[in-house]
Amino acid sequence: MLNTSDLLTSIKIDLGIYGLVIPFEKEDEAIINVLRIKTLPVFSTYSPYILEVNMNLKEMRALKTDYQESIYELPDIFGDNKILYIRKITPRNKMLGNGYFSPELTADYYAYNDLMLTQAYANLQSISTPSFTFKFRHPNLLYLYNLTTIADELKIEFALHHLDNFASISNSTWQSFYELALLDVKIFLYNAMKHYTDIQTAYGNFSLKIDEWSNAESERKDLIERWKDVFHLDVDQFVIA
């Protein structure tokens with residue numbers, strides 16, 4: 001994974017414009033803006049920034065509290081990092097750390113009979129009890145259905161928009177991001193430079209060879225179509241070869 005400066009240099013090298021003076025001001029800033037405005041939102045949709053957070057319902061503003069349906073406002077803990085959706089919520093509904101105590105090995109028939117009846121009752125209860133589900137409504141409303149939890153504790157797995165400094169993009173998905181980034185920069189440069197025939201430099205005039213960038217828009221659409229076939233897969237396995 002590259003930092004912002006190295007990412008910019010890598011893109012310029014791959015596009016053959018490293019060391020050239022692009023015919024508009026602040027070309028570095030312009031390219032970075034393309035990546036933040038055009039590339040990151042699309043990439044985040046298909047391969048978001050996944051972050052697990054332990055939260056307590058007591059620390060949220062409750063709009064409605066009921067077993068069948070509860071509504072809470074999520075606190076603003078991500079700043080400019082937009083919540084795209086919530087992938088998973090795991091309520092804490094088991095006593096952890098207490099170990100497991102097996103029954104004493106005795107010849108008491110009734111003790112074993114009670115144990116079997118208790119297990120059967122637990123199995124029946126798990127089948128008849130409504131499953132826990134949830135819904136997220138933008139920008140910060142969390143709906144919880146049939147929730148049971150100990151101490152109001154939840155582990156929430158958020159899908160977020162990636163950071164503007166690109167640091168949240170994992171190594172396993174970086175190549176996919178970079179592929180889209182190159183196409184977005186090609187589209188931007190082609191539209192900005194197609195009216196020029198050459199570039200003046202200290203070493204003379206250079207003819208621009210940007211015709212190969214003219215298909216970048218079509219290539220971008222093809223790439224998005226490929227992503228649509230795999231975006232539903234587990235994010236950790238999201239890699240475009």
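Which way, left-handed or right-handed, do H2 and H4 cross? The crossing of H2 and H4 is right-handed, where right-handed means the near helix is turned clockwise from the far one by less than a right angle, and left-handed means anticlockwise. Before going on, bear in mind that this is a predicted model, in which local features need pLDDT of at least 70 and side-chain atom pairs count only at pLDDT 80 or more, while totals for chains, interfaces and linings use all residues. Residues are numbered from 1 along each chain as its sequence is written, and side-chain values use heavy atoms, with hydrogens and water left out.

Let's stay with that pair. H2 covers residues 27-46 and H4 covers residues 171-193; helices here are DSSP runs (H or I, at least four residues), numbered from the N terminus. Their axes come within 9 Å and cross at roughly 125 degrees, the axes being lines fitted to C-alpha atoms over the stretch in contact, with angles from 0 to 180 degrees between N-to-C directions. H2 and H4 are therefore oblique to each other, the label left over once angles under 35 degrees (roughly parallel), over 145 (roughly antiparallel) and 65 to 115 (roughly perpendicular) are set aside. Contact means heavy atoms within 4.5 Å, and on the H4 side it involves residues including Phe177, Ala181 and Asp184, while H2 brings Val34, Leu35 and Lys38 among others. By class, the residues of this contact are twelve nonpolar, three polar and two charged.

Asp184, in helix H4, deserves a look. At 5% relative accessibility, Asp184 counts as buried (under 20% relative accessible area; exposed is over 50%, partly exposed in between, with a 1.4 Å probe and protein chains only). Leaving aside residues up to four places away in sequence, Asp184 touches Val34, Lys38, Thr39 and Arg220.

Now bring in H1. H1 and H4 pack at about 65 degrees with their axes 11 Å apart, and H1 also passes H4 in a right-handed crossing. Ile11 is one of the H1 residues in this contact, and Tyr178 and Leu182 are among those from H4.

Of its 32 residues, Ile11 and Phe177 touch the most other members. Helices H1 (4-15), H2, H4 and H5 (216-228) are the elements that give two or more residues to this core, and H4 gives the most, with eleven.

Note on methods. Ala, Val, Leu, Ile, Met, Phe, Trp, Tyr, Cys and Pro count as nonpolar, Asp, Glu, Lys and Arg as charged, and the others, Gly among them, as polar. A nonpolar core is a set of buried Ala, Val, Leu, Ile, Met, Phe, Trp, Tyr and Cys residues joined through side-chain atoms within 4.5 Å.
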